[in-house]
Every structure is written in structure tokens, then in C-alpha cells.
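Keep the 3D view open as you read.

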Amino acid sequence: MSDTMESFEGPLLDQPYTEGDEARLSAPEAAGPTPAPGNRLPIAGSLAVRAEAWRLVKRNRQSLAWVMVFYAAAAVTGLVGPYIIGRLVDTVSGGTTMSAVTGLSLVLLGAVVAQAFLQRFASYRSMVLGEKVFADLREEFMGDVTSLPLSTVERAGTGDLLSRTTNDVEALSHAVRFGVPRLLVALVTLALTLAAAFVVSPLLGLGLLVSAPFIAPVTRWYLKRSGPAYQREHAAYGTIDGTISEAADGALTVDALSLGPQRIGRTRAAIREAFEAERYTLWLRSMLFPVTELALWLPAVVVVLWGGWLVSVHSASAGEVAAVALYSVSLTEPVNTLILWLDELQFGAASLARIVGVKEVPADRTVSGESPRGSRISVRNVTFAYRAGRNVLHGVDLELVPGERLAMVGPSGAGKSTLGRLIAGINPPSAGSVTVGGVPLVDLAVEELRREVALVTQEHHVFVGTLADNLRLGKEDAGDQELLEALRDVGAEPWFQALPDGLETELGSGGHALTPAQAQELALARLVLADPHTLVLDEATSLIDPQAARSVEQSLGAVLSGRTVVAIAHRLHTAHDADRVAVVEDGRITELGSHDELLALNGSYAALWRSWRSE
Ligand SMILES: Nc1ncnc2c1ncn2[C@@H]1O[C@H](COP(=O)(O)OP(=O)(O)OP(=O)(O)O)[C@@H](O)[C@H]1O
């Protein structure tokens, strides 16, 4: 591994930055949403990001106004210092009494103390505001993420979403909590300091503007490039997250297929991309900062030279020059802060664009508010494509009879699981309809849909939380007694009794570990609580050991009784026991009938049955 890193870092770090890199790496910022590269989630355009930022400002305008008032008061007291020092210079050079000097010094002291108090109060208020804005944003974002269409999440992969929920939320949090308050302070201080300098002496005040022609164009040049560059940086980190989490999730497969070198290659490519993106933004900063640093000290020099001449022609006093020179020095801090934090805000805006982008994912279902009339599920002329133009189901029709047990059989890749997902309302059909009681499944709210039909697969995630929390995912308002009955119904009593804290036992990562069979029974108990009238079973027991599978099958039997069941049958005895069998071949139902009817038909099912019997 160290060899790999050495050979990777060497050539990259040695490469000088060229103009060709600049042309390749910079891209104009889009005003509209950027189409997601590949299958990534969308990134909001600058208009949507501005609208979102404006919405946040409007929603918090009262608190924001108070913060501005306190910062302005703090800045005004800060301006008293140079003014008093100027007055002191003039009064001392013109001859004065000790008591006048003491009086001015006391005013100066009072101003410094008042400024410290106001500054502290203003930063406290702005921090509270920052936390509130950030908390709102985070809650909204989690709402958007959890209502993303499953198909979109599957297509986008976990890396992109993971990076948005971690790196981007973190970057935005930094910008909102620290960047916005500091930017506000800098803006207010800058405006008031300029105003104060002009009040002291308009002629000298002009000297403070000399850096504007240097700072303005270079900052514009920088900001135009840094936005898209930061976008690229964020996307690159998303790819790294995705590549690493994919390798960790599939560690067994990586090991079994000796994919190590290939995964290292991918990770290196992802790191290389992030490195190049970082190098570009670093280069941009290396162009910005020397110019702004130089320009910041220019006004002080100009004010002293220009002021000296004005004093010599009696157009200004020495005290006025001293005051404006001090104002010019105190300008460096807010201008520096402004540039630094504009940069941070660009970084935060790139994150905001990725966070707002999640809102732009079109919903794959629209809740019509219509209620199903009955529990009959109908599949009518359904086609479905995971990728545009490549249908995996072609005009499928199927009427489920309430209470029946239907087995779906067919070769691997024929479309059984896909049809199962459509019948469970997980994916909407590309054309045609899947309805329950006359209402399309994708017109039902998700909570309502789960009371009609549910998919049971071999994946049973145990969420971090108590056993009760995990069970209540099936029915939010279920009482403890109901939870216990559901566990009893699925035969989970023996292992439940052995839990250290009963329903309050912490499960999931870091908590009490359940065996795969127990996790499956927990999922079945959730189903009992949700109580859908139709279940689609896909490979429900294939991952656990045969003995555990038998116990789960018994539990499953209890859950299935009295419900309509569509079983994607991988073992033909399931088909034998079913009321009807549907043979799926090449995205179509080619045979449909009872076991005996299909045997009599002597088609694909009969052939499958004969070969299974002879094994
Ligand atoms: N998420 C996906 N994205 C793209 N294509 C997919 C996806 N899932 C399945 N497919 C493709 O759709 C087709 C039907 O797959 P499906 O899993 O529905 O078949 P199946 O009959 O259930 O097969 P098996 O018995 O092996 O599970 C296959 O060509 C498969 O490669």
C-alpha cells in the first residue's frame, strides 16, 4: 500500500500548475440545475441556491435585524477610538489642559469597554441565529433525503448521498455558524469605518478607496472560478466516499474475486481527482491572496503621504490625518475577513447547491388522496425499464385474487423480482398501471401503501435504537402489549425473553446483536404490526442456515395466513403448494394456472418441474 501511495503522490506533487490546467478545470457556473453526471443526484443552479439563501434570510429577518443592530452599535463604538486619538493630537499640539486630556482618555476607555460588551452580545446572538438556521436546514434536508424515491437512491449509489449528508452538511454548518456572522461584522464595520473617515475629512477619506481598483477585479476573477471549482472538489469527495464505502460493504466479494488491485486502482483514481480539484482551488487562492494583501496596506501609505501634503497646504489638520490613517489600518481586518469568508461562503454555497439539489429530484409518486375500494391488486399492461429504452417487463397483465397464494417462477433475470417490486409499489411502472382497489399504488402515501402491500426480502436491517423503536417502524402508535403479541405471533418469544432489557434493549450497530434469523423474525413482527393484506416474498429464507430457515418459515407461515401472497419461488415446492403459478420468461408472463393445469399444459413449467424432480 505504501508503494502505491508513493508512486501516486510523486508525479502529481511534482507537476507544475499550467494554464492548460486552468482551462480544463474551470467551468462557467450554471444558473439552472446542473444535470447530474452519470446517475448522481442533481446539483442546484445558482438561482435556486440564491433563492434558498434568500428564503433563509427572510424567515429569520427579525433575528438577523437585531444581530445587525448590535454589530452596528459595536462598530460605532469601535470608531470612537481613532476619532478621539485624532482629537487628542489636535488638542495637544494646539496646547491644552490636563483635565481635557483626561476627559478624552476616559471617553476612549468607555468606548473600548462598550465595544467589548456589544461585540460579545452581538456574537452571542449571531451564533444562536447560526445554530437555528443550521438546525432548520438539517431537519429539512433529512426530510428531503428520507423522501427520495428509492429508485433514485439506488441509481445514485450511496457515496453521493453519504457525502452530501456528511461533508456538505458539515461545510455548510461551518459557513452558517461562523461565516455569516463574521461577514456581517466585516460588512458593517467596513461601511461605518469608511463613513467615519469621510466625516472626519472627505478629502482624506478618498485615500481609503485606492485599493478598490486592485481588489475588485481580482476578487471577481477569483469568485467566478472558485464556485465551480469547489463543486468539483465536493463531487470528488463524494466519489471517494462512494468508492471506499462500496469496497467496505462488499469486502467479502472483493476478497473472493481478488478485486483488491482493481479497488485500489479505483480509489487512487478518485483520490487523484480530488487532489487535482484541491490543487486547482489552492492555485486560485495563491493568485488572490498576495494581491489583496498588498492592496490592503496601500491606503495607509496613501493617507499618510496625501495627508502630509494636505496638512502642508492647510487643508487638513495633523489630528485628522492621524484619525483617518488609523481608520485605514482598521480597515484591513474587515476587508481581510470579507475576502477570506467570501471564499468560505463560496465553499458553503457549493455545499448548499448539493443540498438543495436533493430537493430537485422529481418525486416518483403523487399522492392523490383517493382511497382503495377493496384489496384486489391488478397489474395492467405494465412495462418497466431501469434504464430508458431497455424494458425488462413487456406488457404484463396479472389479476391477484384476494387471499390466494401465487408463486412466480422462471429463469434468472426474467423479471420476477422486478415485477414483485412493482406489485409492492416500490417502483412505479414505466407504462401501464398497478392498482389496489382501483387506485394506482404510486398514488398512495407511503404509510398508506404499507398497510396495503409489503415486500419481504432477505435484507433485514436492524436500525440503531431499542427493540420497541424497531418494531414501531411497522406501526407508529402500537402499544407495548401489541408489540409483544407481534413478537409472539412470529415465534420470537424464546430469544425475546433472553434479552437484557426486553423491549427497551438497544439494537443495531453497537447494541445487542441479533442473529440473521432473529433479524428476519423482527422484520416479520414489523409486518404483523403493519398488517398489509398482500405480501410479496422475495428470497425470504435463502440466506440463513437450514435449521434457522425452518424456524423462520414457521414464523412466516403465521404471518402469511389470511393474506394474499405473491411468492417469488426459487424452490419449486413453493410453486407446488401455491394456488396458482405464474411463469415469467423474458419480462412476460407466459403461463398462468394451478400446478396441475400447468403440468397438463406441458410447457415451460412442466419442463422445469420434471428437471427439478429428476435432480
Ligand atoms: N437495479 C437494477 N438496475 C438495472 N437493471 C436491473 C436492476 N435490477 C435488475 N435489473 C435487470 O433487470 C432484469 C430482470 O431482473 P430481475 O432481478 O427482476 O430478474 P429475476 O427474474 O428476479 O432474476 P433472479 O431470479 O436471478 O433474481 C435483469 O436483466 C437484471 O439485470
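**Contacts, cores and a helix pair**

Among contacts between residues at least 6 apart in sequence, 79% join residues at least 24 apart. Bear in mind that this is a predicted model. The chain has 615 residues, of which 35% count as buried, and its secondary structure comes to 21 helices and twelve strands.

Where do the nonpolar residues gather? The largest nonpolar core has 70 residues, and those with the most contacts inside it are Tyr-71, Leu-204, Val-324, Tyr-327 and Ala-353. Several helices give two or more residues to this core, among them helix 3 (46-59), helix 4 (61-94), helix 8 (212-249) and helix 10 (260-312). Helix 11 supplies the largest share, 21 residues. To look around Tyr-71, leave aside residues up to four places away in sequence: Tyr-71 then touches Ala-122, Leu-184, Val-185 and Val-188.

How do helix 5 and helix 6 run relative to each other? Their axes come within 9 Å and cross at roughly 155 degrees. Angles over 145 degrees count as roughly antiparallel, so helix 5 and helix 6 are roughly antiparallel to each other. Their crossing is right-handed. Among the residues that meet here are Gly-130, Phe-134 and Arg-138 from helix 5, and Leu-172, Val-176 and Leu-184 from helix 6. The residues of this contact divide into 13 nonpolar, five polar and three charged.

How values were computed: Residues are numbered from 1 along each chain as its sequence is written. This is a predicted model: local features need pLDDT of at least 70, side-chain atom pairs count only at pLDDT 80 or more; totals for chains, interfaces and linings use all residues. Helices (H or I, at least four residues) and strands (E, at least two) are DSSP runs, numbered from the N terminus. A residue is buried if 20 or more other C-beta atoms lie within 10 Å of its own, exposed if 12 or fewer, and partly exposed in between; C-beta atoms are placed from the backbone. Two residues are in contact if their C-beta atoms, placed from the backbone, lie within 7 Å. A nonpolar core is a set of buried Ala, Val, Leu, Ile, Met, Phe, Trp, Tyr and Cys residues joined through C-beta atoms within 7 Å. Axes are lines fitted to C-alpha atoms, for helices over the stretch in contact, and angles run from 0 to 180 degrees between N-to-C directions. Angles under 35 degrees count as roughly parallel, over 145 as roughly antiparallel, 65 to 115 as roughly perpendicular and the rest as oblique. A crossing is left-handed if the near helix is turned anticlockwise from the far one by less than a right angle, and right-handed if clockwise. Ala, Val, Leu, Ile, Met, Phe, Trp, Tyr, Cys and Pro count as nonpolar, Asp, Glu, Lys and Arg as charged, and the others, Gly among them, as polar.
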